[in-house]
Amino acid sequence: MHKEVIEQAQGDRDEQPWSAEQAHAWRAKTPAMSPWLPAAMQAVVAALLLAGSLALNLERNIRLSLMWGVFSSLLPSLLCVSGYRITVWMLKGLPHGAQALLGFASILCWELVKLLLSVALLIAASRIVLNVHWLAMLLAFVVVVKAYWLAFLVERLRKLRSAQAVLKTSV
């Protein structure tokens, strides 16, 4: 078993890096997911939560708490994505190494902004929302934040349909 692992590691070292054409072809075949897709999925889940609270005719303070939880998760996400997109746009024209480094720093910076703004909005709820219902607010916050998984599922389904369409046309 140990010998197989060593042979595999040696085989990995023998592989040649991709040429620019191979990397370009791979990127064309596997486009990146738009950073707006998770934010859009969050907005869809937020709308469903708010519609559900109206349909269930919940108490006013519970509906307001749900709305604040949605707001506390959706606003920072939208700000983060737009800030990241603006940063990427500003980095165009720089060498690829600098773009990669500054792009990574941008992601960290905007995620920190998102985290701090979310916490600040949740803390501010006690002063802004009258008779805040903490369970409803935090539940809405968590459900909307976790809507990112829907974006990954939608993207995966889109890629599967795309692959099936390619298979049907090549047969």
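**Notes on the helix packing, cores and ring pairs**

1. Valine 81 sits in helix α4 (helices are DSSP runs of H or I, at least four residues, numbered from the N terminus). This is a predicted model, where local features need pLDDT of at least 70 and side-chain atom pairs count only at pLDDT 80 or more, while totals for chains, interfaces and linings use all residues. Residues are numbered from 1 along each chain as its sequence is written, and side-chain values use heavy atoms, without hydrogens or water.

2. Staying with valine 81: its relative accessibility is 8%, so it counts as buried (buried is under 20% relative accessible area, exposed over 50%, partly exposed in between, with a 1.4 Å probe and protein chains only). Neighbours within four places in sequence aside, valine 81 contacts Pro35, Trp36 and Ala39 (contact means heavy atoms within 4.5 Å). C-alpha to C-alpha, valine 81 is 9.2 Å from glutamate 111, at a sequence separation of 30 residues.

3. Next, a helix pair. The axes of α3 (residues 36–55) and α6 (residues 134–145) come within 8 Å and cross at roughly 145° (axes are lines fitted to C-alpha atoms over the stretch in contact, with angles from 0 to 180 degrees between N-to-C directions). On the α3 side the contact is made by Gln42, Val45, Ala46 and Leu49, and on the α6 side by Ala140, Val143, Val144 and Val145. That makes seven nonpolar residues, one polar and no charged.

4. Which residues does valine 144 touch? Not counting residues up to four places away in sequence, they are Gln42, Val45, Ala46, Leu49, Val70 and Ser73.

5. On to the cores. The largest nonpolar core has 10 residues, among them Val45, Ala46, Leu66, Val70, Ala140 and Val144 (a core is a set of buried Ala, Val, Leu, Ile, Met, Phe, Trp, Tyr and Cys residues joined through side-chain atoms within 4.5 Å). Helices α3, α4 (60–91) and α6 each supply at least two of its residues, and α4 gives the most, with four. A second, separate core of eight residues includes Trp68, Leu121, Val129 and Met137.

6. Last, the rings: there are two aromatic pairs (centres within 6.5 Å, using the six-membered ring of Trp; planes under 30 degrees apart are stacked, over 60 edge-to-face, the rest tilted). Tryptophan 68 and phenylalanine 71 have ring centres 5.2 Å apart and planes at 50°, so they are tilted. Tryptophan 68 is buried at 13%; phenylalanine 71 is partly exposed at 35%. Tryptophan 149 and phenylalanine 152, both in α7 (residues 148–170), have centres 5.9 Å apart and planes at 65°, so that pair is edge-to-face.

Terms used. Ala, Val, Leu, Ile, Met, Phe, Trp, Tyr, Cys and Pro count as nonpolar, Asp, Glu, Lys and Arg as charged, and the others, Gly among them, as polar.
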